[in-house]
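Subject: Structure handover

Hello,

Here is the structure for your files. Please open it first, then read the notes below.

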Amino acid sequence: MIRIGIILGSTRPNRNGPQVAQWVLDSASQRGDAEFELIDLRDHPLPHLDEPVAPMFGPSVHAHTRAWAERIAPFDGFVVVTPEYNGGAPGVLKNAIDHLCREWTDKAVGFVSYGVSGGARAVAQLRVVCGTLGMADVSRPVEISVLTDFENYTAFTPRDRHTTALNTLLDQLIAWSTALAPLRRPATDTPHINSEGTNHDEPERLSVTR
């Protein structure tokens, strides 16, 4: 069965993300066409990218990177729950993405964002990053306003339109994750690097926005 990881992309104190991520997990778990699991970045502390070579050239020399790769590799697709900080995605989320390469490639990703403007600018940045890694981003994101969708800016109350948008996102995410399955290779494969430093095994980058 298709496995989808729900990545909680904030680690700051008093974050609103756990409420949103739990809503995504609870809603998704009612489906019977995929398995869903929450991945909290607090459980996977990573230093600022400290690998001596780019992740695409692996293998990683640090245990924390290898553990993170083992956590991400089994999934077929992801829902990224992200806040928007100062017009962009949180640095901890970008850092977690940057620690890996092959583990993301040929997998689908959807975004659930929250912020003063619904988190749209954070998602715009993440689409570029994920597309560069060969991920297929699906549909429109679910955008949640901290001004109107959180009581006293702290208690999340999803509206019917959010549930509808989430169901559409999940439908497309599972469809794309299934369609991309033949392209995925084991994350333990080592890319072939020639004398000029070119990765001949690196798959063609794919970014799908609908």
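**The loop between strands 7 and 8**

Asn152 sits in the loop between strand 7 and strand 8. Helices (H or I, at least four residues) and strands (E, at least two) are DSSP runs, numbered from the N terminus. Phi of Asn152 is positive, about 55 degrees, although Asn152 is not a glycine. Most residues other than glycine have a negative phi. Asn152 counts as exposed because its relative accessibility is 61%. Buried means under 20% relative accessible area, exposed over 50%, partly exposed in between (1.4 Å probe, protein chains only).

Tyr153 is in the loop between strand 7 (150–151) and strand 8 (155–156). Tyr153 also counts as exposed, at 54% relative accessibility. With Val116 and Leu147, Tyr153 makes a nonpolar surface patch of about 350 Å². Patch residues have over 30% relative accessible area and no salt bridge; like charges are joined within 9 Å, and nonpolar side chains (Val, Leu, Ile, Met, Phe, Trp, Tyr) within 5 Å. A salt bridge puts a side-chain nitrogen of Lys or Arg within 4 Å of a carboxyl oxygen of Asp or Glu.

**How to read the model**

This is a predicted model: local features need pLDDT of at least 70, side-chain atom pairs count only at pLDDT 80 or more, and totals for chains, interfaces and linings use all residues. Residues are numbered from 1 along each chain as its sequence is written, and side-chain values use heavy atoms, leaving out hydrogens and water.

**The chain overall**

The chain has five helices and eight strands. Their order along the sequence is β-α-β-α-β-α-β-α-β-β-β-β-α. Of the 210 residues, 49% count as buried. The accessible surface is about 10,000 Å², and 53% of this belongs to carbon and sulfur atoms. Areas come from the Shrake-Rupley method with a 1.4 Å probe; for residues, only the protein chains shown count as cover. Among contacts (heavy atoms within 4.5 Å) between residues at least 6 apart in sequence, 80% join residues at least 24 apart.

**The cores**

Which residues of the largest nonpolar core touch the most other members? They are Val20, Trp23, Phe36, Val79, Val81, Val112 and Ile144, out of 30 residues. Elements giving two or more residues to this core are strand 1 (3–8), helix 1, strand 3 (77–83), strand 4 (108–115), strand 6 (142–145) and helix 5 (160–180). A second, separate core has 26 residues, including Ile39 and Leu133. A nonpolar core is a set of buried Ala, Val, Leu, Ile, Met, Phe, Trp, Tyr and Cys residues joined through side-chain atoms within 4.5 Å.

Val20 touches Val81, Val112, Tyr114, Ile144, Phe150 and Phe156, leaving aside residues up to four places away in sequence. Val20 is one of the buried residues of helix 1, as are Trp23 and Val24.

**Around helix 3**

Pro90 is in the loop between strand 3 and helix 3 (91–98). Pro90 is buried because its relative accessible area is 2%. Apart from residues up to four places away in sequence, Pro90 touches Gly9, Thr82, Pro83 and Tyr85.

Asn86 lies in the loop between strand 3 and helix 3. Asn86 is exposed, with a relative accessible area of 86%. Phi of Asn86 is positive, near 55 degrees.

The buried residues of helix 3 are Leu93, Asn95, Ala96 and Ile97. Their cover includes strand 1, helix 2 (63–72), strand 3 and helix 4 (120–132).

Best wishes
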